[in-house]
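This note sets out a series of numbered points on the model shown below. Please read them alongside the sequence and the coordinates.

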Amino acid sequence: MKKTSQFPCVNGKISIAPSILSADLFRLGEEVVQVQQAGADWLHIDIMDGHFVPNLSFGPAVVRSLNGKTNLPLDVHLMVEKPSLFAEAFAKAGADLLTVHIEANDPLEQVLSNIHSLGVKTGISIKPDTNPDVLIPYLGRIDLILVMSVYPGFGGQAFLPGAPDQIRKVRQLITNSGRKIWLEVDGGINAQTAKLAVQAGADALVAGNAIFSSADPAGALNQIRQASPEI
């Protein structure tokens, strides 16, 4: 199935990426179709290794099962201690973008080069208490920055009050770089917090619990999209 958009988007609109971490896995295919039909732009897939974060989540087989079955680009977020051990498997499974944490225990330059060599877009994520200035050496070679607006590892958390300031700082770094780097925000996104994230400079919003825990996931996605005139 041909995918409908690429990383980063070039049409200037805000992208919404439902996170399947909050989906009903018994009905995963059905729920992915629902959000795709509702106008989702990307599909966000959180990978947890039980080390970088306490929980375990999905493996390459889940990405492989989605690749070709949905026209949504697969936005794979590696919340893992050693992304060098995971990147190739997820790229071959069909990831369109691989985002790694700057706090991971791996040589970041080498990891980014490896991802790039696999023909996959690259992203870096930072935790809420990480100084955005650590991103500066990498701005020339990445496609996306993912700002965590909660502490990673658990779905359903509340959007942190300090997140808009963190987003604004990252947006300024991107502006100063002169490059088109997509700014994605993940954590506690709903119809109320979406507007805060977009006003602070977000280009893409990851929403899990607000969409998939709703009785009407498609309606919840549309509420997030309509939460701000910019969306």
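1. Ile-174 belongs to helix α5, residues 163-177; helices (H or I, at least four residues) and strands (E, at least two) are DSSP runs numbered from the N terminus. Its relative accessible area is 3%, so Ile-174 is buried; buried means under 20%, exposed over 50% and partly exposed in between, with a 1.4 Å probe and protein chains only. Between Ile-174 and Pro-73 there are 101 residues in sequence and 23 Å in space, C-alpha to C-alpha.

2. The model is predicted: local features need pLDDT of at least 70, side-chain atom pairs count only at pLDDT 80 or more, and totals for chains, interfaces and linings use all residues. Residues are numbered from 1 along each chain as its sequence is written, and side-chain values use heavy atoms, with hydrogens and water left out.

3. On the overall fold, the protein chain contains 8 helices and 8 strands. The C-alpha trace spans about 40 × 35 × 35 Å along its principal axes. Of the 231 residues, 53% count as buried.

4. How many aromatic pairs does the structure hold? There are 2, where rings of Phe, Tyr and Trp (its six-membered ring) pair if their centres lie within 6.5 Å, and planes under 30 degrees apart count as stacked, over 60 as edge-to-face and the rest as tilted. Trp-42 and Trp-182 make a tilted pair, 6.4 Å centre to centre with 45° between the planes. Because Trp-42 lies in the loop between α1 (28-37) and β2 (43-48) and Trp-182 in strand β7 (residues 182-186), this pair ties together parts 140 residues apart in sequence. Both Trp-42 and Trp-182 are buried.

5. Phe-86 and Phe-90 form a stacked pair, because their ring centres are 6.5 Å apart and their planes lie at 20°. Phe-86 is partly exposed at 24% relative accessibility, whereas Phe-90 is buried at 1%.

6. A charge also sits over a ring: the charged end of Lys-127 is 4.6 Å from the centre of the Phe-52 ring. The criterion is NZ of Lys or CZ of Arg within 6 Å of the ring centre and within 35 degrees of the ring normal.

7. The second largest pocket holds about 150 Å³ of space. A pocket is an open set of points, on a 1 Å grid over the protein atoms alone, where a 1.4 Å probe fits, with protein on both sides within 12 Å along at least five of seven lines; lining residues have an atom within 4 Å of a point. The lining of the second largest pocket includes Leu-112, His-116, Lys-121, Arg-141 and Asp-143. Two or more lining residues come from each of α4 (108-117) and β5 (121-126), and α4 gives the largest share, 3 residues.

8. Gly-140 lies in the loop between β5 and β6 (144-148) and is exposed at 59% relative accessibility. Gly-140 and Ile-181, 41 residues apart in sequence, are 9.3 Å apart in space, C-alpha to C-alpha.

9. Leu-98, in strand β4 (residues 97-101), is buried at 0% relative accessibility. From Leu-98 to Pro-54 the separation is 44 residues in sequence and 20 Å in space, C-alpha to C-alpha.

Note on methods. Points joined across faces, edges and corners; volume = space filled by probe spheres on them.
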